[in-house]
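Let's take a walk through a protein model together, looking at rings and helices along the way. Have a look at the picture, then read on.

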Amino acid sequence: MASRTTYTPSPGRPHRSDKASIQDALEFLPPEDLQAIAQTARNLEIDPRLLFAIIHFESGGTFDPAVREGTGKSTATGIIQFVVPTARELGVRGDSEEDIRDALAAMTFQEQLDLTEKYFN
C-alpha cells in the first residue's frame with residue numbers, strides 16, 4: 001500500500017502537508033471544479049458547502065482524486081476516500097485491490113464526483 005511519503009499530488013493540487021484551509025481551497029480550485037461540486041450537491045439535494053467540506057476533509061484538503069489514505073492501513077483513495085469494496089460495487093474495475101486503487105486515482109475530479117453521486121443515490 002502507498003504511504004504518506006509516496007503520495008505525489010496531481011498537477012494543480014496541493015500536497016496534504018500544505019494543510020490547505022477551506023478558504024485556500026476556494027482560491028486554488030479551478031472554477032469548473034467548484035461548479036461541478038455545486039451541481040453534484042444540487043443533484044443530491046444537499047447544501048454545496050456540505051459536499052465541499054466533506055471533500056476537503058476526506059481528501060486532506062487536496063481535492064485530489066489520486067490522494068490515498070495516509071497511514072497505509074486502508075485502501076481508501078480519492079476525493080471522498082472510496083475503499084476497494086465500495087469502488088467495486090460502484091463499477092470500478094480491476095483484478096486486484098491495487099488495480100482498483102490505481103483506477104480510482106486515474107479518474108478525473110468530475111469522474112469521482114459522478115461516482116460520489118452514484119454512491120449517495
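Are Phe52 and Phe63 buried or exposed? Keep in mind that this is a predicted model. In it, both Phe52 and Phe63 are buried.

Now for how those two sit together. A pair of aromatic rings is described by the distance of the centres and the angle of the planes. The structure has 3 aromatic pairs, and Phe52 with Phe63 is one of them: their centres are 4.9 Å apart and their planes make 40 degrees, a tilted arrangement. Phe52 belongs to helix α3 (residues 48–58), while Phe63 sits in the loop between α3 and α4 (84–89), so this pair ties together parts that lie 11 residues apart in sequence.

Let's move on to another spot. Phe82, Tyr119 and Phe120 are linked into a cluster by ring pairs. What about accessibility here? Tyr119 has 43% relative accessibility and so counts as partly exposed; Phe120, at 44%, also counts as partly exposed.

Back to α3, which has helix α2 (residues 31–44) for a packing partner. Two packed helices are described by the angle between their axes and the distance between the axes. For α2 and α3, the angle is about 120 degrees and the axes are 8 Å apart; the crossing is right-handed. Which residues make the contact? From α2 come Leu34, Ile37, Ala38, Thr40 and Ala41, and from α3 come Pro48, Leu51, Phe52 and Ile55. Sorted by class, that gives 8 nonpolar residues, 1 polar and no charged ones.

Conventions:
Residues numbered from 1 in each chain as written. Predicted model: local features only at pLDDT ≥ 70, side-chain atom pairs only at ≥ 80, totals over all residues. Heavy atoms only, no water. Phe/Tyr/Trp six-rings, centres within 6.5 Å; stacked < 30°, edge-to-face > 60°. Helix = DSSP H or I, 4+ residues; strand = E, 2+ residues; numbered from the N terminus. Buried < 20%, exposed > 50% of the residue type's maximum accessible area, 1.4 Å probe, protein only. Axes fitted to C-alpha atoms, helices over the stretch in contact; angles between N-to-C directions. Left-handed = near helix turned anticlockwise from the far one by under 90°. Contact = heavy atoms within 4.5 Å. Nonpolar A, V, L, I, M, F, W, Y, C, P; charged D, E, K, R; others polar.
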